[in-house]
Amino acid sequence: MSRADTDAAAGASGAATSPLDDSSPIRVDAQVAAEWLGQGMRFVSQAAAAPAVVVDGDGVAGPSPMQLLLHSLAGCTASDIVDIAAKMRLPMSHLTVSITATRAEQPPRRYTAIRFSYRARGIDPADEDKLGRAVTLSHEKYCSALHSLREDIDVRFDVHID
């Protein structure tokens, strides 16, 4: 089998021909490009059909990459919870997801702890356990952004009803 045939077969099966071979075809599910604006740490990041986002490593002209990671987590889990609550027929008029995080002091300065806080309105206090179940399902099963992080990150959450 030729190299081209091997690559084509690998692309069809989704398996790489070698874990060290970066030239192997992969299935692309998402693609983003960040273009430097020529000053400071400012970039314009663009995904296919989505609006562009200004990313600023200094966090001045836009969120920093690490802040965007938290924005992604908040948006992902919030979307899950709104969807799950609707399927549970759990009426909700408002949802806020707040995230606090701790970063390592030495490079790569990754997040070492992430804390989620959920505040919902319009839910009967007797249904707090249902909201908690929606959060648990998001964290344990559905939130692809959260599941894309390293497994050794300590992730916790709390739930509040206002």
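A single aromatic pair is present in the structure, where rings of Phe, Tyr and Trp (its six-membered ring) are taken to pair if their centres lie within 6.5 Å, planes under 30 degrees apart counting as stacked, over 60 as edge-to-face and the rest as tilted. The pair consists of phenylalanine 116 and tyrosine 118, which are stacked at 6.1 Å centre to centre with 5 degrees between the planes. Phenylalanine 116 is buried at 2% relative accessibility, and tyrosine 118 is buried at 0%; buried denotes under 20% relative accessible area, exposed over 50%, and partly exposed the range in between (1.4 Å probe, protein chains only). The model is predicted, and local features need pLDDT of at least 70, side-chain atom pairs count only at pLDDT 80 or more, and totals for chains, interfaces and linings use all residues. Residues are numbered from 1 along each chain as its sequence is written, and side-chain values use heavy atoms, with hydrogens and water left out.

Three strands form an open sheet in the order β1-β2-β3 with antiparallel pairing. Helices (H or I, at least four residues) and strands (E, at least two) are DSSP runs numbered from the N terminus, and two strands pair if DSSP finds at least two bridges between them. Strands β1 (32–36) and β3 (53–56) are the edges, each pairing on one side only. β1 is joined to β2 by five bridges, with alanine 33 opposite glutamine 46 in β2. These two strands form a hairpin with five residues between them, and glycine 38 in the turn has a positive phi of about 85 degrees. β1 is hardly covered, the count of buried residues among its five residues being zero. On the other pairing, β2 (residues 42–47) and β3 are connected by four bridges, and phenylalanine 43 has valine 55 in β3 as its bridge partner.

Within β2, serine 45 is buried at 15% relative accessibility. Not counting residues up to four places away in sequence, serine 45 touches Val32, Ala33, Ala34, Pro51, Ala52, Val53 and Val55, contact being defined as heavy atoms within 4.5 Å.

The number of salt bridges is four, each being a side-chain nitrogen of Lys or Arg within 4 Å of a carboxyl oxygen of Asp or Glu. One of them joins arginine 42 and aspartate 56 (3.4 Å, N to O). Arginine 42 lies in β2 and aspartate 56 in β3, so this pair ties together parts that are 14 residues apart in sequence. Arginine 42 is partly exposed at 27%, whereas aspartate 56 is buried at 1%. Another salt bridge joins arginine 119 and aspartate 162 (3.1 Å, N to O); arginine 119 is in strand β5 (residues 111–121) and aspartate 162 in the segment after β6 (154–161), 43 residues apart. A further salt bridge links arginine 27 and aspartate 29 (2.8 Å, N to O), with relative accessible areas of 65% for arginine 27 and 61% for aspartate 29.

Aspartate 80, in helix α2 (residues 65–87), is buried yet has no salt bridge, and the nearest side chain of opposite charge, lysine 87, is 8.8 Å away. Beyond its neighbours within four places in sequence, aspartate 80 is in contact with Ser138, Tyr142 and Cys143. Tyrosine 142 belongs to helix α3 (residues 128–142) and is partly exposed at 42%.

How values were computed:
Lys and Arg count as positive and Asp and Glu as negative; His and the chain ends are not counted.
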